[in-house]
Amino acid sequence: MKCIAALSILCALPLAAAAQGQVNIICSVQAEWCNMMSTVYTKTTGTKVNMVAKGSGEALAQLNAERANPKTDIWFGGTGDPHLQAAEQGLTLEYKSPQLAQLHPWAQKQAADSKYRTVGVYLGPLGFGFNTELLAKKKVAAPKSWADLLKPEYKGEIQMANPASSGTAYTVIATLVQMMGEDKAFDYLKALHKNVSTYTRSGTAPIKAAARGETMVSISFVHDVTTEAINGFPVGQATPSEGTGAEIGSMSIVKNGPNTDNAKKFYEWALTPGGQQFGIAAKQFQLPSNTKVPKDPRMSDPSKIKLIDYDYAKYGASAERRRLIAKWEKEVQGQGK
């Protein structure tokens, strides 16, 4: 087996002597991360991995469509809200990992909130990305707060995703509602609307646009900003001084999937320190949930960010999500500039 240097810890594992069946996975993180996990897991266990990449919204829709005859065994990654909805809808299996005690408290709470039908695999704080060259050219200061985004100098210079299709953007709405109260949060979103040029389909599109000079500012998970910086783009980042939310990327075993025993084995492997090093290898900088994973200095340090006490159970519920998105579509997206 040829080894990637960053994954050398896994390369020490023995090769499986014989094929060990298969496991069908929906992967809702970046393609390179998915591919590394699939390749190394197959080589180290002999289990064939059938992996399909889908965003978290699409993944939840597929699990619903397959409800009567599930084809999927495990769902890895993507914002935690849809995983909580899958749990609420009875699509995922109750399973308590013996490794829970090794995980950060936020990952354990995600499991408890779902009655152990999902678990946290990474944390990603919400913040801003900005193109440093564009800011310098236009002599505009980088935003440091939610309030800064309403300044006239950012008119037409901000991109955020559409919450109907993006977990990132829904996290924005849920964060603001919890910080400000619902009425003030929607007043804020209406004011922000005047400065937003585009609501993109995916949560990563705004920072990619900022990195390439197509917009000045993005509302993004800060780990996505770090990725663009590592790739050589002129971007900086900030987390709002008033406070901010975070996503808990999650993992769930599908109820009545065709290969449940193999799903549990993959799930356990994906919670180990070795199984949680693929994000970094793929230039993704979310904080892994296992406390024993060595911390990369390029990751955001949650202890240095003003994180709100985000109510994942309430705002991950299907009815609340539908209600807030419908309200945003009517009151914010539906208004003129």
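Author: C27 and C34 are joined by a disulfide, with 2.0 Å from S to S; the term denotes a pair of cysteine sulfur atoms within 2.5 Å. A search of the whole structure finds one such link. The angle about the S-S bond is -90°, and the link of C27 and C34 is left-handed. Both C27 and C34 are buried, where buried means under 20% relative accessible area, exposed over 50%, and partly exposed in between, for a 1.4 Å probe and protein chains only.

The model is predicted, with local features needing pLDDT of at least 70 and side-chain atom pairs counting only at pLDDT 80 or more, while totals for chains, interfaces and linings use all residues. Residues are numbered from 1 along each chain as its sequence is written, and side-chain values use heavy atoms, leaving out hydrogens and water.

The aromatic rings come next. The structure holds twelve aromatic pairs; rings of Phe, Tyr and Trp (its six-membered ring) pair if their centres lie within 6.5 Å, and planes under 30 degrees apart count as stacked, over 60 as edge-to-face and the rest as tilted. One of the pairs is that of Y41 and W269, which is tilted, at 4.9 Å centre to centre and 55° between the planes. This pair links distant parts of the chain, for Y41 lies in helix 2 (residues 31-45) and W269 in helix 11 (residues 260-271), 228 residues apart. Helices (H or I, at least four residues) and strands (E, at least two) are DSSP runs, numbered from the N terminus. Y41 and W269 are both buried.

W269 also pairs with F266: the ring centres are 5.5 Å apart and the planes stand at 50°, so this pair is tilted. F266 and W269 are three residues apart in helix 11, and therefore about one helical turn separates them. F266 is buried, as is W269. Ring pairs link Y41, F266, W269 and F278 into a cluster.

The axes of helix 7 (residues 167-180) and helix 14 (residues 318-333) come within 11 Å and cross at roughly 90°. Axes are lines fitted to C-alpha atoms, for helices over the stretch in contact, and angles run from 0 to 180 degrees between N-to-C directions. Helix 7 and helix 14 are therefore roughly perpendicular to each other; angles under 35 degrees count as roughly parallel, over 145 as roughly antiparallel, 65 to 115 as roughly perpendicular and the rest as oblique.
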